[in-house]
Amino acid sequence: MMLTAYDPFAATSAAFRALDQLTGRAGSATARPLSGMPMDAYRVGDNFVAHFDLPGVDPGSIDLSIEGNTLTISAERSVPQLEGAEWTVAERPFGSYTRQLVLGRSLDTDRLDASYHDGVLTVSIPVAEKAKARKITVTRADAPAAVEARTIEGEHAGSEQRAVES
């Protein structure tokens, strides 16, 4: 498996939607904090690629970090500060986005590449060389190969018995 998605705010978002339904605020005209970061992910050739929708986000606010095999993506969309404005409708979300992905060990996170264009963050991670499929050549031997038995310590299995017999 290349990826496990984790949304740390999924339960919170569901709770806010339920609260809005109970209080009759569903579809209200008030902007709310962001609740998710939609993603598409796929493998193409020797790369794992993920696209994240981050509309209206300042590219300077995007932060990617890797700890172990967990990729964390954070971004900020600010509330417009307009002096003297009387808001009639404010439906566009604002606040912080955060998304974590647990990456498979077969990805080379040291070579991760990220770009942001037209509100979409694209992350590309190559598959590690050791994880790529490869062909193994089998050679023909004229006689069966001898295999020596060794203990965990690396000694020949028969050497202990010979020492005891001496």
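Let's start with a loop. Gly36 sits between α1 (10-23) and β2 (39-44), in the loop that links them. Keep in mind that this is a predicted model.

Is Gly36 buried, exposed or partly exposed? Its relative accessible area is 30%. Buried would need under 20%, and exposed would need over 50%. So Gly36 counts as partly exposed.

Now look across from Gly36. Ser96 is 60 residues away along the chain.

Next, the overall layout. The protein chain has two helices and eight strands. Read from the N terminus, the order is β-α-β-β-β-β-β-β-β-α.

How much of the contact set links residues 24 or more positions apart? For contacts with a separation of 6 or more, the share is 58%.

On to the interior. Of the 166 residues in the protein chain, 22% are buried. The largest nonpolar core holds 18 residues. Which members touch the most others? Phe52, Leu54, Leu103 and Leu121 do. As background, nonpolar side chains tend to be buried together in soluble globular proteins.

Last, the surface. The accessible area of the protein chain is about 12100 Å². Carbon and sulfur atoms account for 52% of that area.

To recap: a partly exposed Gly36, a chain of two helices and eight strands, and a largest nonpolar core of 18 residues. Over to you.

How values were computed. Residues are numbered from 1 along each chain as its sequence is written. This is a predicted model: local features need pLDDT of at least 70, side-chain atom pairs count only at pLDDT 80 or more; totals for chains, interfaces and linings use all residues. Side-chain values use heavy atoms; hydrogens and water are left out. Helices (H or I, at least four residues) and strands (E, at least two) are DSSP runs, numbered from the N terminus. Buried means under 20% relative accessible area, exposed over 50%, partly exposed in between (1.4 Å probe, protein chains only). Contact means heavy atoms within 4.5 Å. Accessible areas come from the Shrake-Rupley method with a 1.4 Å probe; for residues, only the protein chains shown count as cover. A nonpolar core is a set of buried Ala, Val, Leu, Ile, Met, Phe, Trp, Tyr and Cys residues joined through side-chain atoms within 4.5 Å.
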